[in-house]
Amino acid sequence: MAEKPSITIIWPGLATVMQEINQSLVPEDLQKSFKKANFKVSDNSFEHELIQLFSTNVLSGPDLPTAQLRNPGQLSLCADPCYLHADRDRLLLFPINDLTMEEGTQLRESIQPLLNDFDAQLVPNDLNHWSICLESLPDINLTAMSSLIGKSVASALPRGAEQNDWLRLGNEIQMALFEHPVNQQRQSAGKLPVNSLWFWGKADWQPQANTWQQLYGDAALLKSLAAATSTNLLPMSEWKSENTMTGQQLLVFPELDLQSNWPQRLEQNTTQHILPLLHKLRRYQIRQLNLIIPQHGQYVWRCWDTWKPW
């Protein structure tokens with residue numbers, strides 16, 4: 001007899017709603033279901049949680065293997081545009097998510113000459129995510145950008161045999177971007193300037209194939225992982241609770257955007273996805289349901305959990 005399917009959901013952005021001050025906004029049925037689940041706390045980022053689901057090894061250390069996923073077959077580092085905000089004696093990191101193609105082109109043209117001594121080429125992966133392609137990887141330890149958002153970067157700067165070269169490069173890039181015409185225009189428009197690049201994504205990765213029977217989602221990182229492990233991927237819009245399910249399935253919800261009508265999205269995902277799956281679990285039509293909330297933790301339900309009276 002075939003084993004019952006198992007469903008895993010990753011829901012980025014929900015951690016903020018799960019904070020005690022906001023929990024009253026969580027749908028009541030979902031709150032009740034959380035009380036029946038087995039919960040394990042985790043403060044890992046969305047990128048860390050997602051890559052771990054495709055890894056044979058436990059991801060450790062502060063960095064992630066994102067460059068390898070962005071640029072298969074090419075030695076590279078992620079070099080993402082960011083804003084370093086001076087807060088008293090600290091520099092806090094914030095990502096840039098609204099660059100135009102023209103802005104990115106002008107900024108990269110100003111930075112590229114600084115990379116020539118490193119035999120490196122600065123290339124865009126998309127508007128807001130860039131990489132440095134190299135002849136060989138430097139002997140430095142890095143920290144994933146996703147774990148530093150809104151935090152001090154003091155303890156996360158490059159470390160290792162070649163750290164001085166890369167710290168110097170970082171300073172030169174910051175000087176090249178200081179008062180850059182693009183940044184002046186962005187600040188006039190009330191936008192964050194790009195005053196630095198954050199180097200990261202050098203960690204090693206050992207992909208695990210044949211883990212997932214089916215993937216659903218639209219995140220760029222999920223697409224890279226699906227391609228790297230030759231796993232079938234469909235848009236999240238094609239998943240329905242009444243679909244025939246086999247094996248292990250992974251659903252990656254769109255990030256809960258707290259700047260838009262997020263209560264409606266929260267209610268929709270609860271009523272259209274999570275509660276129907278819990279109903280299937282109660283009837284033993286699926287074996288297990290896992291809900292991973294990055295920077296919060298993981299809820300796990302098995303059949304008998306849904307019958308708990310509390």
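At what angle do the axes of helix α5 and helix α6 cross? Here are some friendly notes, with that pair taken up in point 2.

1. A word on the model. This is a predicted model, in which local features need pLDDT of at least 70 and side-chain atom pairs count only at pLDDT 80 or more, while totals for chains, interfaces and linings use all residues. Residues are numbered from 1 along each chain as its sequence is written, and side-chain values use heavy atoms, with hydrogens and water left out.

2. The α5 and α6 pair. The axes of α5 (residues 101-115) and α6 (residues 163-177) cross at roughly 145° and come within 10 Å; axes are lines fitted to C-alpha atoms, for helices over the stretch in contact, and angles run from 0 to 180 degrees between N-to-C directions. The crossing is right-handed, a term used if the near helix is turned clockwise from the far one by less than a right angle, with left-handed for anticlockwise. On the α5 side, L107, S110, I111, L114 and L115 make the contact, and α6 brings L169, E172, I173, A176 and L177 (contact means heavy atoms within 4.5 Å). These residues divide into 8 nonpolar, 1 polar and 1 charged; Ala, Val, Leu, Ile, Met, Phe, Trp, Tyr, Cys and Pro count as nonpolar, Asp, Glu, Lys and Arg as charged, and the others, Gly among them, as polar.

3. The α2 and α9 pair. Helix α2 (residues 28-36) and helix α9 (residues 262-282) have axes that come within 11 Å and cross at roughly 35°, in a left-handed crossing. D29, L30 and S33 of α2 meet T270, I274, L275 and L278 of α9.

4. The overall fold. The protein has 9 helices and 12 strands, taken as DSSP runs (helices H or I, at least four residues; strands E, at least two) and numbered from the N terminus. Along the principal axes, its C-alpha atoms fill a box of roughly 65 × 40 × 35 Å.

5. The largest pocket. A pocket is an open set of points on a 1 Å grid over the protein atoms alone, where a 1.4 Å probe fits, with protein on both sides within 12 Å along at least five of seven lines; lining residues have an atom within 4 Å of a point. The largest pocket has 45 lining residues, with F46, E47, H129, I149 and E255 nearest its centre. Elements giving two or more residues to this lining include α3 (46-52) and β3 (76-87). The lining divides into 21 nonpolar, 16 polar and 8 charged residues.

6. The second largest pocket. Among its 19 lining residues, E49, Q52, L53, I292 and Q298 are the closest to the centre. This lining divides into 5 nonpolar, 12 polar and 2 charged residues.
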